[in-house]
Every structure is written in C-alpha cells, then in structure tokens.
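Please read them with the structure open beside you.

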Amino acid sequence: RNPKKPNLPPGPKPWPIIGNLNLIGPLPHISIHSLSRKYGPLMHLKFGFDSVVVGSSVEVAELLLKTHDLSFSSRPQLLAGKYLTYDYTGMGTAPYSPYWRQARKICVMELLSPKRLDQFEYMRVEERKLFLHDMFKSCSKPVQLKDRLYMLNLSTMSRMVLGKRYTEEDENNIVTPKEFTEMLEELFLVHGTLDIGDAIPWLAPLDLQGHVKRMKDVNRKLDRFYEQILDERYARKKSGKDQGVNDMVDVLVQFADDPTLEVKIERHQLKAIIQDLLTAGTDTSALNVEWAMSLLLKNPEAIQKATEELDRVIGRDRWVQEKDIVNLPYIQAIVKETMRLHPVVPLLIPRVAREDCKVAGYDLLKNSRVLINIWTIGRDPTIWEKPNEFWPDRFIGKEIDVKGHDYELLPFGSGRRMCLGYGLGLKLVQSSLANLLHGFEWKLPGDMKRQDLDMEERFGLTTCKKNPLVVVPTKPRLPHHLYS
Ligand code: HEM
C-alpha cells in the first residue's frame, strides 16, 4: 500500500462525478442502512465530490460524537445554509466558530433554559387548551393530526418567540396567517430538498432544479417580516416604553446590545436565530406525536395501558400538566419508543470534519461530512430485544434517556452540536400526546383496520409519514366543561 494514501473506512467503489449517489434511494437512511450491513459501522461514501463518513453503531457514534466531538463539530456549507439562514449564521448551519459558540450559549442559557421555559409555560398551556377545544369540536369526525399539531406548535412558538400568535387574524399583525404559514411551509420544503449543486459544485451556478431561486424568494419575504419585528422592538426600546421580557426576541435584543459580549451579534444573525427558534421545534415535535399516535393505533393495548396510567395518576377531572410527566413513566416510554423506531431526523444533521482525524484505525479527512444513522442504531438487534416491535415496556425501570448520553437512543443527537431545544421539544411532544390520550377515545376512520394503517416514511428535512395519519376522536373522556 502507498503509505501516503489515507486508510479510509470501507465503502462501495464510487463512480466518477456522482460518486455513490446512484446507491442512495428516496429514503437515504434506509439505503445507507443496507450499505452499512455490507461495509460495517464506519463506512466511507462519496456524494458527488464530497467524502461522507457514516457511523451506524453505538461504539462509532460514541467515537464520533464524544471522543472526537470537537473535530466533527462544524457543519457543511450547503446552498440552503447560505440562502436560507443568512450566510450560514443559523444555529444549525453555522460553522464551528466564536459566533456560533456565543449564540448557542445565549440560546441554551437564556432563551431555552428551564427557568425561561417555566416563564413561558402559560403560553403553552393556553395554546394546548385551544387545540384540545378544537379537537373536541371535531369529535366523531376524521382529522388529519399532523396539520393540527403543526398549527398548535407554530402558534405556541410564535407566542414564545415573537410574543404574538401570527397564526390568527389580527389587524395589527404585519402578515396575515395565510402569508405567515405559507412562508414557513415554503422554507421547510425548499430547505428539505437535495440540491445537485451541493454535490457537484460546478453545477451550482446553473441552479438546474430552480432551488436557489426559490430559496432567495422565500428568504426575501421572511426577511421583510423579521425586519419589521426587530424595528418594532428597537423603536419600543428607544421610546422608553420597554415593558421588560415578554418573549424570546426581547431577550435576544437585550443580549445583542450587551457591550460585554465577546462576539457582537449582528442584525442578520439575530434574524437567523429568530428563524431557528420559530421553526426548529414545530415540525419535529408535531411529527413525533403523529408517529406516536400511529404506533398506538396499531397497538391498542398500549393505549389502554397509557390511559390506565393517566386515570390513576391524573384522574378524570383535569388535564395533564407539564409537571405531571415525571409521574407518567409509561407516557415517557411511549415517546422514547417512538423516537427509537421513527426518529424524525434519522441521519442527524450532517457534521463536517474540521481537521484530519484517526478514528478506529481509519483516516477521516478534513472536510469530510459525517452522518450518524440513528435509525440503524435504534433497530440494532444486538442492542434491542425484538427491535422492530413497538414495545414501550422495554424502557420501564431502565435509565436510558434521550438527552445525548445514551448512544443507543439519540433522537436529539449528542455532543457540542446536539439539539439545543431538546428540553422544549420533549415538553411539546409529551404534553400533547398525554393530553390527546387523556382527553379522547380514538379510532381509525371508517372500516379501516389497524393492519391497514401503513407506516411508510418520507424523507426530507424531517422524516414524516408518507401518508399523513387520519384519525377519529370518537368521544371525550373528561367532563365537558374542561373542553370549553
Ligand atoms: C421533538 C423535537 C425535536 C427533535 C426530534 C429535534 C432533533 C434535532 C436533531 C437530531 C438535531 C441535530 C443534532 C446533531 O447534529 O447532533 C437538532 C439540532 C437543533 N435543534 Fe432540534 N429537535 C427538536 C426540537 C427543537 C426545538 C424545540 C428547538 C428550538 C426551539 C430546536 C432547535 C435546534 C437547533 C437550533 C439545532 C442545531 C444545533 C447546532 O447545530 O448547534 N430543536 N435537533
């Protein structure tokens, strides 16, 4: 062997130009799962000209996300990051840098800290009540759960981040609910697309798929919205009518102006952070609840166990509150089991190597992209008994949690780039799910049998059900006055 040639991890032989992209189907985590069975848990692929390293076991995940976390704590510079997140200044797209460290610290310590989440809990409670009231009005009719949950999370995040529910008609709002939801929908859609220009950079200027144009268009619209929000805040501050901290933008503006900050946060960076806060948890949390309800409808005995627990711990005369969740181990187990079987970000967000690095005897080169296939890890038969079965009891009495320390279950990632909103994400998922189960009896529409409910996936920025779940809340379980 040429001693200078790097000892790359095993992988399929790449084609010129396209590399191994021909082996990647519409569900990349499944294609990569099949490849890793042949080439092993540390595998090397080529996506166009980019080297991609995939970790598919607990041991390799720990090496990449813990032992060598610092070497892999940057993000690749993809077109979406440039055009949709203000030149890579979103929290999820920013390279490892003093700016990213500073902004992440503010988000973790100030915006999403347990204390701040408690301060804004009343907003989540109010939004959930409206959602449950709407669900009550839909009793005995089929509902598309994902859309409802998405709107619940969007209203909640819109209030916590911007101080207003932009999902509802209000003549003082700067955008109509339709404009607001359409802008964000387009943002998700175009962010989730795979652009050929990312894999083959000399094709990027041609914008063959028209993605860059769409990215610029939606960013222009969103920018006007964020500009107006910031203008209003600064005007209020200047006028002396500042009323303290009412939402996350208030906190951000306060910190951005702090002269003691090591790195100054510029206006375009503020807008990127606002966008992250508004969007990162809405879809992810809604999809987790949709997957959980789908799994439960296929396993009615689990619904029975969950409702028994709810009746015993909460009783039938009130809703479930966030602080009740610690006393609901079966509900927690359902959420973990759902995240194990259907992680909504199955390959985590790609990282990038900041330097050459030796891992498990192989050379991983600077600028390689790093993916962790948590879908494979979640179904690994050497870790999980009956890996493909929905069996929440497997978590009862076990210490495994989803907070990034147990490498067999990483729905929020781990290490320096781990999800910074996991605490909020868990609250949104657990409390929506618990109250849907506590508040209603459920069935599939018409004569549909549980065997007929498909669990096919669609890959994108987040992995959702290919065919959205339609379900019928047959009747309320609690006294009627609680739904008003
Ligand atoms: C159930 C809900 C959620 C799930 C499943 C989820 C999942 C994830 C995952 C897998 C990552 C990538 C981690 C990695 O690369 O190691 C991530 C990153 C991120 N998440 Fe979440 N997330 C959720 C909710 C939220 C919420 C509520 C927020 C904020 C309000 C949020 C903000 C972010 C941000 C900003 C990043 C990028 C972090 C960085 O690169 O430094 N997420 N999330």
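Predicted model: local features only at pLDDT ≥ 70, side-chain atom pairs only at ≥ 80, totals over all residues.

1. The ligand is surrounded by 26 residues, and the closest of them are Gly281, Gly413, Cys419, Gly421 and Gly425. Two or more residues of this shell come from each of α12 (267-279), α13 (282-298) and α17 (422-439). Sorted by class, the shell holds 14 nonpolar, nine polar and three charged residues.

2. Helix α1 runs over residues 28-39, and its twelve residues reach 16 Å from the first C-alpha to the last, close to the 16 Å expected at 1.5 Å a residue.

3. Within α1, the residues Pro28, His29, Ile32, Leu35 and Ser36 are buried. Viewed down the helix axis, the buried residues of α1 fall within an arc of 120°, and therefore they line one face of the helix. Their cover includes β1 (42-47), β2 (50-55) and α16 (374-378), whereas the face turned away from the buried side carries the exposed residues Ser34, Arg37 and Lys38.

4. Two backbone angles deserve a look, given that most residues other than glycine have a negative phi. Ile17, in the segment before α1, has a positive phi near 65°, and Ile17 counts as partly exposed because it has 13 C-beta neighbours inside 10 Å.

5. Asp207, in the loop between α9 (196-199) and α10 (211-239), is not a glycine either, yet its phi is positive at about 45°. With 17 other C-beta atoms within 10 Å, Asp207 is partly exposed.

Notes. Residues numbered from 1 in each chain as written. Near = placed C-beta within 6 Å. Helix = DSSP H or I, 4+ residues; strand = E, 2+ residues; numbered from the N terminus. Nonpolar A, V, L, I, M, F, W, Y, C, P; charged D, E, K, R; others polar. Expected span 1.5 Å × (residues − 1). Buried ≥ 20, exposed ≤ 12 C-beta atoms within 10 Å, placed from the backbone. Arc of directions from axis to C-beta. Contact = placed C-beta atoms within 7 Å.
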